[in-house]
Amino acid sequence: MTNLKIRMIQVGIIVMFTLIICTIVSIRIEIWMLPQVKLTKPNTDELLNVSVPSACIVKDEFEQSYIFVVKKEEGVWGQELRVYQKQISILSEENQMAVINGTSSDSLVWYSNKALEDGQRVKELTS
């Protein structure tokens with residue numbers, strides 16, 4: 001009878017360690033699968049015009065222009081980056097720079113390796 005109890009405890013420990021390892025692996029895979037983005041800061045001139053690289057501007061199927069603003073937030077595993085879609089109007093565009101309405105000192109996405117969605121978690125690419 002005691003051999004059976006010892007065997008059950010050993011099996012329980014093996015199952016527990018297997019679940020822990022699977023959890024750790026799944027967390028790593030989730031981080032690897034996050035969209036990777038490169039960020040830039042908008043420029044503001046003396047007239048408070050906000051200029052951004054044209055690559056920051058995305059158009060949807062209705063030809064609405066928007067940018068993705070990056071915010072640092074507290075998540076389950078600590079600080080994380082999330083992107084939020086912000087609709088804009090392009091006032092002028094020249095030399096791969098665009099002057100847009102609104103003021104924003106937040107970081108903007110100018111490159112992403114995947115399509116982004118509002119509120120999505122991302123990982124910053126470092127050069």
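This briefing walks through a sheet, a salt-bridge network and a surface patch in the structure above. The model is predicted, so local features need pLDDT of at least 70 and side-chain atom pairs count only at pLDDT 80 or more, while totals for chains, interfaces and linings use all residues. Residues are numbered from 1 along each chain as its sequence is written, and side-chain values use heavy atoms, with hydrogens and water left out.

**The sheet**

- Four strands make up an open sheet in the order S2-S3-S8-S7, with antiparallel pairing.
- The edges belong to S2 (43-44) and S7 (90-94); each has a single partner strand, so one side of each lacks a neighbour in the sheet.
- A quick word on terms: strands (E, at least two residues) and helices (H or I, at least four) are DSSP runs numbered from the N terminus, and two strands pair if DSSP finds at least two bridges between them.
- S3 (residues 50-53) runs antiparallel to S8 (residues 97-100), with four bridges between them.
- On its other pairing, S8 joins S7, again in the antiparallel sense and over four bridges.
- Val99 in S8 is a handy spot to look at: Val99 is the bridge partner of Ser51 and also of Ser92.
- S7 and S8 form a hairpin with two residues between them, and Asn95 in that turn has a positive phi of about 50 degrees.
- On burial, the cut-offs are: buried is under 20% relative accessible area, exposed is over 50%, and partly exposed is in between (1.4 Å probe, protein chains only).

**The salt bridges**

- The count comes to four salt bridges, taking a salt bridge as a side-chain nitrogen of Lys or Arg within 4 Å of a carboxyl oxygen of Asp or Glu.
- Arg121 pairs with Glu30, with 3.4 Å between the closest N and O atoms.
- Arg121 sits in strand S10 (residues 121-124) and Glu30 in helix H1, so this pair ties together parts that are 91 residues apart in sequence.
- Arg121 counts as buried at 17% relative accessibility, whereas Glu30 is partly exposed at 40%.
- Arg121 also forms a salt bridge with Glu80, the closest N and O atoms being 3.5 Å apart.
- With Arg121 in S10 and Glu80 in strand S6 (residues 78-87), that pair ties together parts that are 41 residues apart in sequence.
- Put together, salt bridges that share partners join Glu30, Glu73, Glu80, Arg82 and Arg121 into one network.
- Glu80 and Arg82 meet in a salt bridge too, at 2.9 Å from N to O.
- Glu80 is buried at 12% relative accessibility, and Arg82 is partly exposed at 22%.

**The nonpolar patch**

- Ile9, Ile13, Met16, Phe17, Ile20 and Ile24 make a nonpolar surface patch of about 570 Å².
- Patch residues have over 30% relative accessible area and no salt bridge; like charges are joined within 9 Å, and nonpolar side chains (Val, Leu, Ile, Met, Phe, Trp, Tyr) within 5 Å.
- Accessible areas come from the Shrake-Rupley method with a 1.4 Å probe, and for residues only the protein chains shown count as cover.
- Phe17, one of the patch residues, lies in helix H1 (residues 2-33) and counts as partly exposed at 47% relative accessibility.
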